[in-house]
Amino acid sequence: MNFNNFTIKSQEAIQQAVDLARNSGQQAIETPHLLKGIMSVGENVINFILNKLSINKQSIESSVDKMIASLPKVSGGEPYLSREVNDVLQKASDFSSKDGDQFISLE
């Protein structure tokens, strides 16, 4: 997977996920880390979607924080993308290609 195909905002969201995992003492970057990264970088997109679905953002954030806290912690080692996150990013790439987009965006 080529991260140069991701928009700046998408790259920032992935970097936020990496930083969150590292700061939480977790080595594997899991989907809750990625979701939290997307929520912090793409607030406008997330707020629009949650408002359309009539979902309370604070409730989602609280649930995501609990999921992150429940993930295993390790000391040492470099963060890596879990298989599930890698699959999510690959599917995003596939959707983008299918739609004729050159870059993978948060939307």
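The model is predicted, and local features are taken at pLDDT of at least 70, side-chain atom pairs only at pLDDT 80 or more, while totals for chains, interfaces and linings use all residues. Residues are numbered from 1 along each chain as its sequence is written, and side-chain values use heavy atoms, with hydrogens and water left out.

Side chains of opposite charge can pair when their charged atoms come close. With a salt bridge taken as a side-chain nitrogen of Lys or Arg within 4 Å of a carboxyl oxygen of Asp or Glu, a search of the whole structure finds six. One of these joins the side chains of lysine 9 and glutamate 12, with an N to O distance of 4.0 Å. Both residues belong to helix α1 (residues 8–23), where they sit three residues apart, about one turn of the helix. Helices here are DSSP runs of H or I with at least four residues, and strands are runs of E with at least two, numbered from the N terminus.

Aspartate 19 and arginine 22 form a salt bridge in which the closest N and O atoms are 3.8 Å apart. About one helical turn separates aspartate 19 from arginine 22, because they are three residues apart in helix α1. Aspartate 19 has a relative accessible area of 29% and is therefore partly exposed; arginine 22, with 44%, is partly exposed.

A further salt bridge brings together the side chains of glutamate 43 and lysine 57, at 3.9 Å from N to O. This pair links distant parts of the chain, with glutamate 43 in helix α3 and lysine 57 in helix α4, 14 residues apart. Glutamate 43 counts as partly exposed, at 40% relative accessibility, whereas lysine 57 is buried, with a relative accessible area of 17%. Together with Glu61, these residues, Glu43 and Lys57, are linked in a network of salt bridges. Contact is taken as heavy atoms within 4.5 Å. Leaving aside neighbours within four places in sequence, lysine 57 is in contact with Met39, Glu43, Asn47 and Leu50.

Attention turns next to helix packing. Valine 64 is placed in helix α4 and is buried, with a relative accessible area of 1%. When neighbours within four places in sequence are set aside, valine 64 is in contact with Pro32, Leu35, Lys36 and Met39. Between valine 64 and threonine 31 there are 33 residues of sequence separation and 9.5 Å in space, C-alpha to C-alpha. Helix α2 has as its buried residues Pro32, His33, Leu34, Gly37, Met39 and Val41. The cover over these buried residues of α2 includes α1, β1 (28–29), α3, α4 and α5.

The pocket search runs on a 1 Å grid over the protein atoms alone, where a pocket is an open set of points where a 1.4 Å probe fits, with protein on both sides within 12 Å along at least five of seven lines, and lining residues have an atom within 4 Å of a point. Points are joined across faces, edges and corners, and a volume is the space filled by probe spheres set on them. The largest pocket has a volume of about 400 Å³. Its lining counts 19 residues, with Ile38, Ala92, Ile104, Ser105 and Leu106 nearest the centre. The elements giving two or more residues to this lining are α1, α2 (31–41) and α5 (83–98), and α5 gives the most, with five residues.

Phenylalanine 103 lies in the segment after α5 and counts as partly exposed at 41% relative accessibility. Not counting residues up to four places away in sequence, phenylalanine 103 touches Asn4, Asn5, Thr7 and Ser96.

On the surface, Phe48, Ile49, Leu53 and Ile55 form a nonpolar patch with about 380 Å² of accessible area together. Patches are made of residues with over 30% relative accessible area and no salt bridge, like charges being joined within 9 Å and nonpolar side chains (Val, Leu, Ile, Met, Phe, Trp, Tyr) within 5 Å. Accessible areas come from the Shrake-Rupley method with a 1.4 Å probe, and for residues only the protein chains shown count as cover. Leucine 53 lies in the loop between α3 (43–52) and α4 (57–70), and counts as exposed at 53% relative accessibility.

Terms used:
Buried < 20%, exposed > 50% of the residue type's maximum accessible area, 1.4 Å probe, protein only.
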